[in-house]
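Student: I have a protein model open and I'd like to talk it through slowly. Could you help me read it?

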Amino acid sequence: MKIKEAASRLNTTPRTIRFYEEKGLIQPEKGENDYRYYNEADLWKLQTILALREVGMSTSKIKTTLQDENEVRKYLNMQRSALYEEWLEIKDMISTLDQMLEQPSFSQKDIFTLSNHLKDVKQKRKSWEDQWNFDSQAKDYDKSLKRSGFRFNVHEFYEEALGSAVGFVKPVEGETGLDIGIGTGNLAEKCFESGASMIGVDQSEEMLKVCGEKHPTIDTRHGHFLALPLMDKQVDFIVSSYALHHLTDEEKLLALQEMDRVLNDNGRIAIADLMFEDEEQKEAVMDQFEEEGNTEAIFAIRDEYYGLRSQLSGWFEQHGYRVEVKRLSDILHVVYAVKV
Ligand SMILES: C[S@@+](CC[C@H](N)C(=O)[O-])C[C@H]1O[C@@H](n2cnc3c(N)ncnc32)[C@H](O)[C@@H]1O
């Protein structure tokens with residue numbers, strides 16, 4: 001078909017199609033009088049180009065991306081995550097405006113407090129960074145679980161922690177679950193063995209790639225704890241293992257708020273993670289490591305953000321959850337919360 005017909009089929013203009021041809025993105029066959037002829041494959045390619053432009057990809061990026069279907073998928077996944085983040089920002093802005101307007105009268109101070117809160121949340125979402133380079137750990141992650149540290153092995157009770165999280169949540173067939181910081185998918189695997197469909201969120205593309213190869217049925221999504229790429233009340237349960245301690249204590253609370261947003265009524269959450277019971281126990285454990293001269297443990301703990309179990313439980317209780325906890329070691333606990 002000629003350019004005019006192709007343009008009308010794709011709801012675009014001949015000028016746009018010519019532009020993509022000039023950029024070398026499509027090469028239609030040339031017939032008599034230099035007329036271009038577009039076949040079904042050209043149309044399909046053009047449709048993909050238009051869709052990728054629509055979601056913000058540059059033409060030069062489209063050119064390289066189109067050579068590899070996996071690259072297109074990866075890009076779309078990243079783009080979805082960015083759009084969810086923007087959507088959450090807009091949602092927060094609307095709710096702040098609602099709060100302002102609900103007040104019969106307000107002072108400049110009230111407005112300042114609300115807008116500052118908004119700015120703060122936005123900044124926290126944007127400022128989280130992967131200081132540990134999880135992309136570089138992805139390929140060997142599963143093997144590394146079997147290697148123990150010299151004097152400090154955080155994975156000593158790994159299987160017990162994952163088993164305990166699943167034991168609390170008890171996924172059932174037909175449910176949809178979410179694993180945040182899914183890594184290579186070891187915890188999600190245990191959940192879908194019970195018949196639940198699983199969505200896995202991770203900020204590391206490489207972890208998601210390994211997870212997708214091991215478990216093609218898991219819906220792997222690029223995203224992070226502070227802006228989950230999911231709609232409100234989309235999942236029946238949430239699990240997370242060895243991931244939350246990569247967030248500061250303040251960020252952890254924002255992450256719990258995000259979990260609460262995407263969790264259905266009566267939903268369950270199980271967090272198996274490196275954490276202390278409370279400030280007092282943290283101090284005692286750290287003193288003990290100091291006394292033993294266990295610098296390996298001290299360094300490892302200070303390199304991350306081990307939280308406090310009491311802080312997580314407290315947040316859940318304040319937000320109407322029923323909470324149970326399980327201690328697996330001095331530094332490993334499971335917090336289970338049911339939205340009631
Ligand atoms: C130590 S691995 C744990 C993986 C898996 N949950 C397990 O138990 O084997 C931590 C994972 O959490 C992910 N992660 C850390 N911080 C994150 C964040 N803020 N948002 C999303 N994923 C995060 C990392 O990319 C990594 O895949």
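Predicted model: local features only at pLDDT ≥ 70, side-chain atom pairs only at ≥ 80, totals over all residues.

Student: OK, how many helices and strands does the protein have?

Tutor: There are 15 helices and 10 strands, where helices (H or I, at least four residues) and strands (E, at least two) are DSSP runs numbered from the N terminus. The C-alpha trace spans about 85 × 60 × 40 Å along its principal axes.

Student: And how much of the protein counts as buried?

Tutor: Of the 340 residues, 46% count as buried; buried means under 20% relative accessible area, exposed over 50%, and partly exposed in between, with a 1.4 Å probe and protein chains only. The accessible surface of the protein comes to about 18400 Å², and 49% of that belongs to carbon and sulfur atoms. Such areas come from the Shrake-Rupley method with a 1.4 Å probe, and for residues only the protein chains shown count as cover.

Student: Switching to the ligand: where does the ligand sit?

Tutor: The ligand sits in the largest pocket. A pocket is, on a 1 Å grid over the protein atoms alone, an open set of points where a 1.4 Å probe fits, with protein on both sides within 12 Å along at least five of seven lines, and a molecule sits in one if more than half of its atoms lie within 2 Å of its grid points.

Student: Which residues are closest to the ligand?

Tutor: The closest are Tyr 158, Gly 181, Asp 202, Gln 203 and Ser 241, out of 19 residues that surround the ligand, each having a heavy atom within 4 Å of it.

Student: Which ligand atoms lie by Gly 181, Asp 202 and Ser 241?

Tutor: For Gly 181, a backbone N or O atom lies 2.8 Å from a nitrogen atom of the ligand. An N or O atom in the side chain of Asp 202 is 2.5 Å from an oxygen atom of the ligand, and for the side chain of Ser 241 an N or O atom is 2.6 Å from a ligand oxygen atom. The protein covers 98% of the 590 Å² of accessible area that the ligand has on its own.

Student: Now Ala 165: is Ala 165 buried or exposed?

Tutor: Ala 165, which is placed in helix 9, is buried because its relative accessible area is 0%. Leaving aside neighbours within four places in sequence, Ala 165 is in contact (heavy atoms within 4.5 Å) with Leu 187, Ala 270, Ala 272 and Val 334. The C-alpha atoms of Ala 165 and Ser 241 are separated by 8.2 Å, although these residues are 76 residues apart along the chain.

Student: You mentioned Leu 187, so where is Leu 187 placed?

Tutor: Leu 187 is in helix 10 (residues 186-192), and it counts as buried because its relative accessibility is 1%. Beyond four places in sequence, its contacts include Leu 162, Val 166, Asp 179 and Ser 241.

Student: What about Lys 252, buried or exposed?

Tutor: Lys 252 counts as buried, because its relative accessibility is 2%, and it lies in helix 12 (residues 249-262). Its side chain makes a polar contact with the side chain of Asp 249 at 3.0 Å. A polar contact is a pair of N or O atoms within 3.5 Å; within protein, one must be able to donate a hydrogen and the other to accept it, and residues adjacent in sequence count only if both atoms are side-chain atoms.

Student: Last one: what is the phi of Lys 170?

Tutor: Lys 170 has a positive phi of about 45° although it is not a glycine. Most residues other than glycine have a negative phi. Lys 170 lies in the loop between helix 9 (158-169) and strand 3 (176-180), and it is exposed because its relative accessible area is 57%.

How values were computed. Residues numbered from 1 in each chain as written. Heavy atoms only, no water. 1 Å grid on protein atoms, 1.4 Å probe; cavity = no way out; pocket = protein on both sides within 12 Å on 5 of 7 lines; lining within 4 Å.
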